[in-house]
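Subject: Handover of a structure and the findings

Dear colleague,

Please find the structure below, followed by a written account of what was found in it. Kindly read the text with the structure open beside it.

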Amino acid sequence: MIHTHEFEIGGKTFFLETGRLAKQAGGAVLLGINDSVILGTATMSTQERDIDFLPLVCDFEERKYAIGKIPGGVIKRGGRPSTKATLISRLMDRPIRPLFPKGCRSEIQVIAMPFSIDKNIPSDVLAVNAAGAALAISDIPFNGPIGCVRIGLIDGEFIVFPTFEEMKVSKLDLIVAGHEGAISMVEAGAKEVTEEVMVKALIFAHENIKKICKEFAAFAKVAGKAKREVAASGPDKKFLEDLMKKEAKAIIGALFNSDKATRENAESTLKAEIKAKYSAGKEDDAEFMKHLPAAIDKAIKEVLRKTVIEDGKRPDGRGLKDIRPIEAVAGLLPRVHGSGLFTRGQTQVMTVLTLGMPKDAQFADIIDQLDEEQVAKRYMHFYNFPPYSTGEARPLRGPGRREVGHGALAERALEAVVPLDNPDFPYTLHLMSEVLESNGSSSMASVCGSTLALMDAGVPIKAPVAGIAMGLMSDGKKFSILTDIQGLEDFTGDMDFKVAGTRDGITALQLDTKLDGIPEKVLTDALKQAKDARFAILDIMEAEIPKPRAQLAGTAPRIETVMINPEKIGALIGPGGANIRKIVEESGCEIDVQQDGKVLIATDSGEKANIAKSMIKALTAELEVGLEFSGTVTRLMGRGAMVSMPNGKDGMVPVDQLTHAKIGRPDDVVSEGDKINVRIHEVDGMGRVNLTALDLNPDNARLNDPNPPVSERPAFNRDRDRGGRDGGRGRDRGGRDRGGFRDRDRGSRDGGDESTGGSRFRKRD
């Protein structure tokens with residue numbers, strides 16, 4: 001049976017449908033708004049795996065047909081997931097993972113597939129809602145339903161589910177997911193929004209999430225399936241309590257150490273000792289032996305949590321609000337355009353910045369971009385997490401979802417301060433954060449290292465940005481917020497709340513939780529505590545480098561700008577790009593021509609830039625008296641030399657304009673192929689150009705010789721001279737009487753001899 005349901009959120013109408021498509025899935029829902037239609041499916045296997053984690057996989061499956069496009073390239077099926085598809089898959093996973101029953105070990109797969117995309121509606125939030133609706137009606141045990149909203153901030157007003165057009169002017173891009181009880185996931189980018197405004201936005205988001213959850217619950221009552229039972233599993237509760245009580249002192253002694261490697265070795269040894277102690281005599285009890293490792297892990301985790309919550313004591317001896325020791329270094333590496341090394345405790349990140357031309361931008365074909373054209377991305381941030389950073393040895397592969405997600409978070413944190421809208425800074429920026437050590441919050445260390453690298457390179461960022469990761473441990477009654485969590489606290493804690501921003505406000509947020517949700521007061525307190533930590537980190541960073549360097553790094557390309565008439569772009573580029581190639585070859589510069597007539601010249605030398613600018617101006621300038629340029633002697637004639645001009649034509653340098661010396665023939669001082677500097681001396685009414693080389697070639701010995709060797713050969717045969725002044729018959733054209741007419745085409749002045757070619761010219765008058 002087909003079931004449908006409609007509801008309205010923020011003035012936008014959503015529709016749900018199930019029972020028509022994908023009926024063999026555990027749950028399948030079509031979710032739509034305007035022209036966007038996404039199929040969400042959720043399926044759970046019937047077999048349980050013998051593992052100690054929830055085998056959940058979430059995927060966003062891009063389909064180019066959803067926007068009426070055929071995939072580019074050779075493979076028309078489409079290739080690997082794009083960066084955006086990976087980020088949406090993570091967005092789906094994070095709010096639903098904590099809501100499955102403890103001990104669930106059956107494989108679960110949640111897929112969102114767009115069938116149709118409205119080009120003005122972002123699909124990421126729709127995908128999360130499609131997944132939430134599919135889980136709500138499925139047979140999968142799930143403590144939902146969940147809903148997800150995007151919040152914008154325009155002119156001080158919050159907007160639910162803003163369009164791409166609205167997001168262009170919004171100060172906030174906030175995605176929040178959760179259930180009726182609390183918020184469970186946050187992802188945000190902002191233009192220095194204050195903590196107070198952010199809290200109001202979170203509350204507003206949760207109010208709308210509650211409405212969505214109620215609609216999903218109502219739909220599930222009509223169209224939902226009966227939920228499966230999950231067998232309770234795990235260690236015996238009483239045994240676990242006894243284990244914690246008896247081994248608490250040993251656990252604290254092993255885990256409470258500031259050095260990660262020492263602590264991990266001590267923990268491994270302790271686990272082996274406890275296992276040997278409690279398994280003695282029970283080797284034949286398969287059920288007990290199966291759950292013993294999990295009981296030991298649980299005991300260690302709970303002892304640590306209890307110590308933090310009740311005593312306020314952290315494993316490395318810090319207080320709840322203390323930050324690990326920090327070192328910030330700018331400009332550590334030679335040759336590179338900018339570098340920043342940021343160390344916080346045993347987490348260390350080196351960010352390297354490279355500056356390039358606009359043409360070095362990344363072109364991304366985004367499935368639900370407002371338009372269907374490729375988008376040039378001039379600011380890129382990438383994050384690498386090699387195995388040695390955690391003391392491990394494993395194969396190096398391509399970036400995984402974690403690397404993609406952390407790079408995107410750091411990129412978003414800095415996007416608000418990078419001068420992409422500054423016309424005087426047309427560079428493309430490529431930042432690469434290399435994690436050298438990791439013990440918690442490497443993504444926020446990447447933000448700090450990237451700020452140092454940007455300022456070291458002389459990039460005029462609006463303000464420095466710092467990031468901090470906040471944690472949480474709770475027993476259900478008391479909530480302990482931890483500043484600057486390390487790896488162990490992230491693993492055993494209830495929340496990972498990353499906050500990045502300037503002194504004026506927040507630029508990025510990311511919240512993940514293992515709880516059903518986080519109370520709003522806890523989020524408010526965490527933001528305030530994060531602000532204090534952020535300011536402390538900024539103090540240390542600004543002590544190293546208070547502001548961007550006044551000049552770009554000496555190794556960075558210099559970009560100079562020349563404005564030309566857009567109608568001259570074709571003349572500048574030349575047939576098949578011939579003119580641009582010539583400029584690049586002769587000047588050694590990189591050239592980037594913009595559609596508005598802006599020509600960018602990148603070089604490491606002012607002299608090279610001047611050569612390029614001179615050639616560009618010559619190619620695009622109007623041919624008027626006084627314009628100087630360098631040209632090549634293309635041929636020699638009776639009265640002078642023909643020299644190539646920037647517009648692709650030739651101009652005449654009469655003999656008396658080649659040199660101050662008395663010569664009879666132009667080849668006395670120049671030869672075909674010579675390059676000489678010339679100036680437009682005269683442009684007649686027919687557009688014919690006469691040039692002069694006088695006093696423009698101080699380094700040319702032949703042109704500056706007062707007594708050049710004068711040739712004894714006779715003057716050029718004017719009858720054969722196609723550009724001559726006397727209109728000769730032109731025997732090389734078969735003896736036909738065409739000289740005078742040819743003279744007019746080739747730059748002649750006096751119409752030729754009346755008895756030969758000139759007579760025909762006069763008849764035409």
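An open sheet is formed by 8 strands in the order β8-β7-β9-β10-β21-β20-β18-β19, with antiparallel pairing. Two strands pair if DSSP finds at least two bridges between them. Strands (E, at least two residues) and helices (H or I, at least four) are DSSP runs, numbered from the N terminus.

Before the details, a note on the source. This is a predicted model, in which local features need pLDDT of at least 70 and side-chain atom pairs count only at pLDDT 80 or more, while totals for chains, interfaces and linings use all residues. Residues are numbered from 1 along each chain as its sequence is written, and side-chain values use heavy atoms, with hydrogens and water left out.

**The antiparallel sheet**

The 8 strands form an open sheet in the order β8-β7-β9-β10-β21-β20-β18-β19. Because β8 (157-160) and β19 (479-483) each have a single partner strand, they stand at the edges, and one side of each is left without a neighbour in the sheet. From one strand to the next, the twist averages 20°. Such angles run from 0 to 180 degrees between N-to-C directions, and the axes are lines fitted to C-alpha atoms, for helices over the stretch in contact.

Strand β18 (residues 466-474) and strand β20 (residues 495-501) run antiparallel and are joined by 7 bridges. Within this pair, Ala469 stands opposite Lys498 in β20. Strand β20 also pairs with β21 in the antiparallel sense, over 7 bridges, and a hairpin of 4 residues joins β20 to β21. Here Val499 has Leu509 of β21 as its bridge partner. Strand β21 runs antiparallel to β10 as well, with 6 bridges between them; in that pair, Glu187 is the bridge partner of Gln510 in β21.

Is β21 buried or exposed? Of its 8 residues, 8 are buried, so β21 is largely enclosed by the rest of the structure. Buried means under 20% relative accessible area, exposed means over 50%, and partly exposed lies in between (1.4 Å probe, protein chains only).

Helix α11 (residues 520-544) lies across β10 (183-193), β18, β19, β20 and β21 (506-513), and runs at about 145° to β18.

**The mixed sheet**

Another open sheet has 6 strands in the order β1-β2-β3-β4-β6-β5, and its pairing is mixed. At its edges stand β1 (3-9) and β5 (56-60), each with a single partner strand, so one side of each has no neighbour in the sheet. Neighbouring strands of this sheet are turned by 15° against each other on average, direction ignored.

Strands β1 and β2 (residues 12-18) pair in the antiparallel sense over 7 bridges, and Phe7 stands opposite Phe14 in β2. Helix α2 (residues 124-137) packs on this sheet, touching β2, β3 (27-33), β4 (36-48), β5 and β6, and its direction makes about 145° with that of β3. Helix α1 (residues 83-96) lies across β5 and β6 (106-116), running at about 140° to β5. Contact means heavy atoms within 4.5 Å.

**The nonpolar cores**

A nonpolar core is a set of buried Ala, Val, Leu, Ile, Met, Phe, Trp, Tyr and Cys residues joined through side-chain atoms within 4.5 Å. Which residues of the largest core touch the most other members? Among its 132 residues, they are Met92, Val110, Leu174, Leu429 and Phe497. Helix α4 (residues 195-223) supplies the largest share of this core, 12 residues. Leaving aside residues up to four places away in sequence, Met92 touches several residues, including Cys58, Phe60, Val110 and Ala131. A second, separate core of 26 residues includes Ala299, Leu304, Met473 and Leu482.

**The protein as a whole**

The protein has 17 helices and 29 strands. Its radius of gyration is 37 Å, well over the 27 Å that the globule rule gives for 765 residues, so the protein is more spread out than a compact globule. This radius is taken over C-alpha atoms, and the globule rule is 2.2 Å times the number of residues to the power 0.38. Along its principal axes, the C-alpha trace spans about 125 × 60 × 55 Å. Buried residues make up 50% of the 765 residues.

With kind regards
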